Amino acid sequence: MGAWGTGLYSDDTTCDVRDDYVQNLKHGLSSEASAQKILDRYGDLLEKTEIACLVYFALADTAWRYGRLNEALKDRALSLLKSGGDAFIWERDAPKSAASRRRTLRNLENRLGTPQPEEKAVKASTPKPKKLRTTAPIGSVFSLALPSKSFALLVLVGFKELEKSIDPVFSIMDWRVTSPADLPEHINGSNRTLTFSKSFYRPFGHVAIIPRDERRSILSGLEPVDTKILSPMPYEPDNTVWLAVGRIANEIEKHIENVTHE
């Protein structure tokens with residue numbers, strides 16, 4: 001479940017939403033724009049009730065505390081609360097804590113039903129430049145060692161702009177290379193790539209890397225190779241899943257085995 005308590009801000013998602021909303025205000029965005037920027041980031045994930053509850057509850061509560069809660073955001077949060085919120089997750093995964101979570105949700109519903117405080121002043125600050133994770137150009141090819149001692153080829157197909165960084169996004173070729181001598185001289189943009197579907201709530205055609213250590217290159221664990229891309233490869237930014245390098249290697253192995261046996 002990923003929560004360390006039943007409080008409203010006892011998980012990473014609600015803490016991130018709260019902090020990002022306030023940061024957006026400090027960067028000069030209106031309350032509506034600050035909230036929408038966060039909602040856009042979560043995109044299709046908001047179709048999952050448990051994610052929608054975390055995001056809308058944190059947004060509505062923070063906006064209320066800053067005197068900036070609008071009716072649309074309030075109505076969405078209250079609608080989720082009146083339908084039980086995410087209590088069903090707690091009843092399923094942590095039944096002993098479900099009553100405590102329901103109290104948290106009731107307190108939030110009661111608070112949103114009261115007049116919000118006067119608009120709280122926010123000290124403006126200049127946004128820090130976003131960190132460019134790599135200067136490698138689109139079309140760069142990298143190898144990644146797999147648990148089977150073979151290698152996968154990852155092609156840098158584009159970049160995804162996040163809140164604090166600009167991250168490389170890769171497509172993964174659907175074959176393994178057993179040794180450096182087996183590296184192809186070139187790859188066509190039309191060559192088949194992997195689609196991650198096992199273990200995920202929907203298929204993903206691209207992968208991006210979750211950094212383990214901000215002091216190190218995000219490409220640690222990948223090795224550049226001389227394979228050339230003859231034509232651009234398709235890139236759909238919203239079709240990207242973020243994983244740690246080790247998880248990427250494991251998922252590639254799993255999915256290539258699946259392709260092999262089809």
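**Ground rules.** I'm working with a predicted model, where local features need pLDDT of at least 70, side-chain atom pairs count only at pLDDT 80 or more, and totals for chains, interfaces and linings use all residues. Residues are numbered from 1 along each chain as its sequence is written, and side-chain values use heavy atoms, with hydrogens and water left out.

**Helix α3.** I looked up α3, residues 49-65 (helices are DSSP runs of H or I, at least four residues, and strands are runs of E, at least two, numbered from the N terminus). It has 17 residues and reaches 24 Å from first C-alpha to last, close to the 24 Å expected (1.5 Å times one less than its number of residues). Of those 17 residues, 14 are buried (under 20% relative accessible area; exposed is over 50%, partly exposed in between, with a 1.4 Å probe and protein chains only). Gly67 follows α3 and has a positive phi, near 70 degrees.

**Asn110.** I found Asn110 in helix α6, residues 98-112. Asn110 is exposed, at 52% relative accessible area. Its C-alpha is 9.6 Å from that of Leu78, 32 residues apart along the chain.

**Largest pocket.** I checked what lines the largest pocket: 40 residues, with Arg41, Tyr42, Leu45, Leu162 and Trp242 nearest its centre (a pocket is an open set of points on a 1 Å grid over the protein atoms alone, where a 1.4 Å probe fits, with protein on both sides within 12 Å along at least five of seven lines; lining residues have an atom within 4 Å of a point). α1 gives the most to this lining, six residues.
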